[in-house]
Amino acid sequence: MKVLIRNIKQLLQVRDNPVRKVSGKEMKTLPVLENAFLFIDGDHIADYGKMEDLPNHESDEIIDASGRVVMPAWCDSHTHIVYAGNREQEFVDRINGLTYEEIANRGGGILNSAKKLQDTPEEELYKQSAKRLEEVMTLGTGAIEIKSGYGLTPDAELKMLRVAKKLKANYGIPVKATFLGAHAIPATYRNDRKGYIDLIINEMIPAVAREGLAEYVDAFCEKGYFTTEETERVLEAGKAFGLIPKIHVNQFHAIGGVQVGVKHNALSVDHLEVMREEDIKVLKGTETMPVALPSCSYFLSIPYTPARQIIDAGLPLALATDYNPGSTPSGNMNFVVATACIKMRMTPEEAINAATINGAYAMGLSDTCGSISRGKKANLIITGEIPGYAYLPYAFGSNHIERVILNGKLI
Ligand code: NIG
Ligand code: FE
């Protein structure tokens, strides 16, 4: 199927020479073609340019995008969309004064979700997760990372990752899976932390690798969860099986997680709500992508990742949702981008770069996603009629997406 999109008001993130990521001052530049066309052949972007240079392309379908913005679909590099049930009671408990930490200490939080997930059959878990994936696809997400970590037993962790694998097979969008067995110490190992970490290392990671269920290995490096030493043990074990580190750090406390990520060549270090100067400095000159999750800050009322300091230090930054039942029950990348502009003082150009090409980088998909480049996947957003792309984060409460194209097909 060949599709021509014509009369595009603004075609965003056009990269003739594709980049893997953008950093520092480069993030302020979002390459835009005004009055453009885009030609899709099958599942990839075949051509694009100015309307005045429109070649005589044969097409099966023509879409008129007058007054509209066309851009790469969002690349959401950090989610936990495979989960069972919800935790709205904890949300109410927090409104009534309990903290996220207090709820976790009472057996709520991640352990609450783990209990629910262990009791949920794989088919049912798939159904609930597929519904979330479909929702975020209609919200413009065209590539996604999915973590395990609500299983916390070998069986339940594998169940989660099999569901992620099935989502990938059935929905056809790029899905990357991350093994997050080190998300919390399960209740049964409360007095035997080492026993649980040994279980992760000796049983879970080899099984995940044997079934080819994940590309990445993650750990929640945080006070009350996993220490830097424990995180390192898990990352080393994952690396021995070919899993690349991509970790949760500095959400509530700066305990040296960023340093662990850098030491182990993590693809990304995510959260970063609490950053010391040394945590920013250690990222300089590395290939590790810092990832901010503003919807999590919004929902938990915790600090926002200091985007200005990170970008002004010359570093790149990616934006993702963190979609999960506890800290971020939302997978809306449009809200993420708007919140980054409104609360983190990122410019629309920076935020869109962070949510497309840098998000693609943070899940190893820079070569196929995240920009309008010939040969890349035709995963695109077409907005409704808007004055220009800055209107997207500005009018933050409205849905501006008119159509989403994934693999060259309208969804
Ligand atoms: O990324 N920080 C750790 N994990 C999740 C939240 C876990 C939960 O509360 O269920 C996060 O925010
Ligand atoms: Fe997370």
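Modeller: Let's begin with the word "buried": a residue is buried when its relative accessible area is under 20%, exposed when over 50%, and partly exposed in between, using a 1.4 Å probe and protein chains only. Helices (H or I, at least four residues) and strands (E, at least two) are DSSP runs, numbered from the N terminus. This is a predicted model, in which local features need pLDDT of at least 70 and side-chain atom pairs count only at pLDDT 80 or more, while totals for chains, interfaces and linings use all residues. Residues are numbered from 1 along each chain as its sequence is written, chains are lettered from A and ligands numbered from 1 in the order in which they are written, and side-chain values use heavy atoms, with hydrogens and water left out.

Now for our part, helix α12, which covers residues 333–344. Its buried residues are Met-333, Val-336, Val-337, Ala-338, Thr-339, Ala-340, Cys-341 and Met-344.

Look next at the two ends. Where α12 starts, Asn-332 has a side-chain oxygen within 2.9 Å of the backbone nitrogen of Asn-334. This is a polar contact (a pair of N or O atoms within 3.5 Å; within protein, one must be able to donate a hydrogen and the other to accept it, and residues adjacent in sequence count only if both atoms are side-chain atoms). Just after α12 comes Arg-345, with a positive phi of about 55°.

Met-275 sits in the loop between β11 (268–271) and α9 (277–281). Why does Met-275 count as buried? Because its relative accessibility is 14%. Beyond neighbours within four places in sequence, Met-275 is in contact (heavy atoms within 4.5 Å) with Asn-250, Val-258, Ile-280, Leu-283, Pro-306 and Ile-310.

Two strands pair if DSSP finds at least two bridges between them. Eight strands form an open sheet with parallel pairing, in the order β6-β7-β8-β9-β10-β11-β12-β13. At the edges are β6 (74–76) and β13 (318–319), each pairing on one side only. Inside this order, β8 (175–182) and β9 (216–221) pair in the parallel sense over three bridges, with Ala-182 partnered by Ala-219 in β9.
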